[in-house]
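Morning, everyone. I have one chain to show today, and I will go through a few residues before turning to the whole. Please have a look at the sequence and the model first.

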Amino acid sequence: MSMVRALRLTLLFSLALTAGRALAAGEGQADLDKAEEAKLSATAFSDLGEVIRLADSAIKKGLDKANTDFAKRLLAATLRQRAQIAAERLKKPSTMDELRQNRQAAVADLERAVELDSKQPSAFLLLAELHMLPGGTVKDARQALDKAIALGIEDPAERATALMQRGSLQEQPEKKLADFNEAIKLFPNAVGALRARRDLLIRMGKLDAAVADLDRLIKLKPDDANAYEEMAQLLDSLKRYDEALAALDKLRKLRPSSARPLLQIAVVHMHQHKLDMALADLEKARTVDPADVGVLVLRASVYAEKGDKKKAMADGDEALRLQPNVPMVVRTHALLLAQNGRLDDAAADLEKLLKSAPKDTDTLLQLAGLQIAQDRPIKAVETFSAVLAADPTEWQAFRGRGDVYLDLGRQADALADYEKAVKLQPKDQGVLNNLAWLLATSPEAKLRDGRRAVKLATDASEATGYKAAYILSTLAAACAEAGDFPSAVKWATKAVELGE
């Protein structure tokens with residue numbers, strides 16, 4: 001007996017046991033009996049259609065309550081079975097039209113099945129899978145998963161999968177994290193779930209928690225070089241430099257012929273302001289892989305930080321000669337040119353790069369900065385606008401364009417851009433400070449808002465530990481606009497002390 005046949009008989013037997021079906025007379029009874037017989041003998045997809053037709057007919061003609069309930073459960077089970085077969089067909093190679101038709105047919109059967117019997121978590125799970133295919137919507141998939149999870153999925157693996165699927169579809173990071181947490185609670189060593197939660201924690205800025213997940217992943221897969229590399233980057237971001245270097249030592253053992261671990265060790269030493277050690281690391285990296293332009297680019301940065309512009313420029317020139325079309329190399333070369341006062345040459349480098357990648361936001365942002373330095377504010381506005389046309393969520397372009405507008409005296413335009421920037425990046429101290437300054441000092445009375453300026457400037461001050469003189473000056477101006485002159489004097493005095 002085939003597995004599908006056995007499942008059909010098991011399902012029908014279960015229905016018969018739970019239904020307690022009465023044999024009372026009814027006009028639809030004959031069709032219901034035929035539907036039962038057809039279900040028992042069904043071997044093909046089309047046979048299920050006949051069961052569905054007969055069950056529908058029986059209900060329409062009329063049955064007593066017990067038999068009506070039985071007929072609906074039989075109908076729901078058959079619809080779910082037919083949808084499952086249609087869903088299996090989606091896994092086979094087919095045209096887009098065939099895929100769409102099979103998906104639509106399966107969805108229609110499942111939606112009707114759950115309408116007849118709403119307590120079917122497996123039907124909602126399948127419905128969610130179908131809504132995640134081309135033609136479905138995230139909203140419908142999430143709603144189906146909500147219902148499946150709420151009904152209670154007994155199998156722990158199936159429930160964990162449903163939670164991970166829903167988590168991946170959630171719009172709010174906190175809801176994503178809640179679903180991932182519950183799934184991992186069910187299966188603490190699920191590598192895929194831990195990786196998904198780690199990525200989410202990084203995006204949420206919860207780096208310590210991300211490190212904890214990476215540590216668990218490394219224990220599960222101690223030879224995963226990528227995990228050690230990512231661990232080192234996170235630890236470096238957290239300024240846990242000794243731990244980052246320890247992770248990179250393990251990475252070197254796993255990748256002895258790669259220059260990349262040495263590059264990252266050099267980065268950590270740079271962040272520790274150990275520039276000579278960083279140069280020594282890069283010399284070793286050059287020995288391991290002389291063709292790695294990343295070594296030249298990073299060494300140029302180290303030389304620039306040491307104030308050796310000649311050596312920095314030499315490495316930048318060599319990197320550009322070896323890889324003239326790599327954006328990172330071109331942007332670094334342009335930066336070095338700008339540091340040497342060659343602003344026009346730097347802009348020319350970036351403009352040439354943009355011919356092959358006109359929507360590259362990193363290059364456009366760097367060019368806009370150069371245009372400001374060249375005292376070309378109108379061109380900078382155009383470039384920042386090009387960034388926003390390519391990516392409307394690029395907060396740095398709103399902030400930069402707002403700064404230019406402010407210098408041009410276009411106060412209202414600057415305010416509009418700062419508002420968008422702070423909405424996209426509510427914790428950036430530069431955006432908070434500039435918006436607070438405008439609200440506190442604008443010559444246009446209708447734009448000033450002292451109370452809000454104080455709140456923004458306070459947030460910026462807290463972010464810098466009250467140690468940034470220019471931000472405390474903004475806070476002083478905000479307090480003055482709000483009418484709190486004692487506080488204005490206090491913060492202005494502190495700003496002067498820090499400035500000295």
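Which helix holds Arg252? Arg252 belongs to helix α13, which runs over residues 241-254. Before I go further: this is a predicted model.

Staying with Arg252, its relative accessible area is 36%, so this residue counts as partly exposed. If we set aside the neighbours within four places in sequence, Arg252 is in contact with Pro261, Leu262 and Ile265. I also have a distance for orientation. Thr161 is 91 residues away from Arg252 along the chain, and their C-alpha atoms are 35 Å apart.

Now to another arginine. Arg197 sits in helix α10, residues 191-203. Is Arg197 buried or exposed? Arg197 is buried, because its relative accessible area is 10% and the cut-off for buried is under 20%. With neighbours within four places left out, the residues in contact with Arg197 are Leu177, Phe180, Asn181, Ile184, Asp213 and Arg216. So much for the surroundings of that side chain. For a view across the chain, take Arg197 and Gln272: the separation is 75 residues in sequence and 30 Å between C-alpha atoms.

Next, Glu230. Helix α12, residues 225-237, is where you find Glu230. What does Glu230 touch, beyond residues up to four places away in sequence? The list is Arg198, Asp199, Ile202 and Leu214. Two of the names there, Arg198 and Asp199, fall within the 191-203 range of α10. Pro156 is 74 residues from Glu230 along the chain, with 30 Å between the C-alpha atoms.

Thr383 is part of helix α21, residues 377-390. At 7% relative accessibility, Thr383 is classed as buried. Which side chain makes a polar contact with that of Thr383? The partner is Gln371, at 2.6 Å.

Asp375 is not a glycine, yet its phi is positive, at about 60 degrees. With a relative accessible area of 65%, Asp375 is exposed, whereas Thr383 is buried.

A second residue with a positive phi is Tyr466. Its value is near 55 degrees, and again the residue is other than glycine. Where is Tyr466? Tyr466 lies in the loop that runs between α25 (450-463) and α26 (469-481). Tyr466 is at 27% relative accessibility, and therefore counts as partly exposed.

Tyr466 leads on to the tryptophan I wanted to show. Trp491 touches Tyr466, as well as Leu472, Leu475, Ala476 and Cys479, not counting residues up to four places away in sequence. Trp491 itself is in helix α27, residues 485-499. The relative accessible area of Trp491 is 15%, so Trp491 is buried.

Now the chain as a whole.

How many helices and strands does the protein chain have? There are 27 helices and 0 strands. The radius of gyration is 33 Å, while the globule rule gives 23 Å for 500 residues; the chain is well over that value and therefore more spread out than a compact globule. Along the principal axes, the C-alpha atoms fill a box of roughly 100 × 65 × 40 Å.

Of the 500 residues, 43% are buried. The accessible surface comes to about 26,000 Å², and carbon and sulfur atoms account for 53% of that. As for contacts, take those between residues at least 6 apart in sequence: 51% of them join residues at least 24 apart.

Key:
Residues numbered from 1 in each chain as written. Predicted model: local features only at pLDDT ≥ 70, side-chain atom pairs only at ≥ 80, totals over all residues. Heavy atoms only, no water. Helix = DSSP H or I, 4+ residues; strand = E, 2+ residues; numbered from the N terminus. Rg over C-alpha atoms; globule rule 2.2 N^0.38 Å. Buried < 20%, exposed > 50% of the residue type's maximum accessible area, 1.4 Å probe, protein only. Contact = heavy atoms within 4.5 Å. Areas by Shrake-Rupley, 256 points an atom, 1.4 Å probe, with all protein chains shown as cover. Polar contact = N/O pair within 3.5 Å; in protein donor to acceptor, adjacent residues only side chain to side chain.
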